[in-house]
Amino acid sequence: TWKHDGPLDMRMNPARGEPASAWLARQDETALAACLTLHADEPNARPLARALAGGRIDTTLALAARIRSALPRLQAGELDRTIRRVFQSIRIAVNQEFATLDAFLAQLPGCLRPGGRVVILTFHSGEDRRVKHAFADGVLAGTYSRVAREVARPSPAERRANPRATPAKLRWAVRA
């Protein structure tokens, strides 16, 4: 988390891969801006990439401070959302989360019997796009017989009771 100081690691498995600090130090501006855009739809990707790429940033608070200094004109609320998006983007890249999701979606039909159902809950627009397209492609290929026409989202009461549920989207498919 960016509100408490700690090592800038972000790996799901600390025994594998490189910590976020090393990953960030290896990035050039172009690659980092692309990452921030792809993984977080970050509107300030270019100025942030200029401020962060190739630098040695070892702690979570140091990264948050660098983000704040790169965007001094942002209001506090928008700045907090930007910091969350940057952390999310780096975490997704460090853990290769989209590549893992894509591999899962490619293997998923082979795990289902005909008529078998799958339900996937996503919390990020990039994840949701991948699931939506995989299911749509599966219908066109005859792999899935039916998919959710509309995404299911938490109700207003559910979002009030659990604000972390706000970005959740649920999609389902039935194996042909």
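Residues 24 or more positions apart account for 66% of the contacts in the chain with a separation of 6 or more, where contact means heavy atoms within 4.5 Å. This is a predicted model, in which local features need pLDDT of at least 70 and side-chain atom pairs count only at pLDDT 80 or more, while totals for chains, interfaces and linings use all residues. Residues are numbered from 1 along each chain as its sequence is written, and side-chain values use heavy atoms, with hydrogens and water left out.

**Overall layout**

- The chain holds eight helices and three strands; helices (H or I, at least four residues) and strands (E, at least two) are DSSP runs, numbered from the N terminus.
- Read from the N terminus, the order of the elements is α-α-α-α-α-α-β-α-β-α-β.
- A box of roughly 55 × 40 × 30 Å, taken along the principal axes, is filled by the C-alpha atoms of the chain.
- Of the 176 residues, 39% count as buried; buried means under 20% relative accessible area, exposed over 50%, and partly exposed in between (1.4 Å probe, protein chains only).

**Nonpolar cores**

- A nonpolar core is a set of buried Ala, Val, Leu, Ile, Met, Phe, Trp, Tyr and Cys residues joined through side-chain atoms within 4.5 Å.
- The largest nonpolar core has 25 residues, and L8, W23, L24, L52, L63, I67 and I90 touch the most other members.
- Two or more residues of this core come from each of helix 1 (20-26), helix 2 (29-40), helix 3 (45-52), helix 4 (60-70) and helix 5 (76-95).
- Helix 5 gives the most to this core, with seven residues.
- A second, separate core has ten residues, among them L101, V118, F135 and Y144.
- Not counting residues up to four places away in sequence, I67 touches L48, L52, L79, T82, I83, V86 and F87.

- Two packed helices are described by the angle between their axes and the distance between the axes.
- Axes are lines fitted to C-alpha atoms, for helices over the stretch in contact, and angles run from 0 to 180 degrees between N-to-C directions.
- Helix 3 and helix 4 pack at an angle of about 125 degrees, and their axes are 9 Å apart.
- That angle makes helix 3 oblique to helix 4, because angles under 35 degrees count as roughly parallel, over 145 as roughly antiparallel, 65 to 115 as roughly perpendicular and the rest as oblique.
- The crossing of helix 3 past helix 4 is right-handed; a crossing is left-handed if the near helix is turned anticlockwise from the far one by less than a right angle, and right-handed if clockwise.
- On the helix 3 side P47, L48, A51 and L52 take part, and they meet L63, R66, I67 and A70 in helix 4.
- The residues of this contact divide into seven nonpolar, no polar and one charged; Ala, Val, Leu, Ile, Met, Phe, Trp, Tyr, Cys and Pro count as nonpolar, Asp, Glu, Lys and Arg as charged, and the others, Gly among them, as polar.

**Helix 2 against helix 5**

- Helix 2 and helix 5 pack at an angle of about 100 degrees, with 9 Å between their axes.
- At that angle, helix 2 is roughly perpendicular to helix 5.
- C35, L36, H39 and A40 of helix 2 make the contact with R85, V86, Q88, S89, I92 and A93 of helix 5.
- This contact of helix 2 with helix 5 has six nonpolar, three polar and one charged residue.

- R85 lies in helix 5 and counts as buried because its relative accessibility is 18%.
- Not counting residues up to four places away in sequence, R85 touches A40, E42, P43 and E78.
- R85 and A70 are 15 residues apart along the chain, and their C-alpha atoms are separated by 14 Å.
- F87 is also in helix 5, and with 9% relative accessibility F87 counts as buried.
- The C-alpha atoms of F87 and R164 are separated by 16 Å, and the two residues are 77 residues apart along the chain.
- E97 lies in helix 6 (residues 97-111) and counts as buried at 17% relative accessibility.
- Not counting residues up to four places away in sequence, E97 touches M12, R91 and I92.

**Positive phi angles**

- Most residues other than glycine have a negative phi.
- M10, in the segment before helix 1, is not a glycine but has a positive phi of about 70 degrees.
- D41, in the loop between helix 2 and helix 3, is not a glycine either and has a positive phi of about 50 degrees.
- D41 is partly exposed, because its relative accessible area is 40%.
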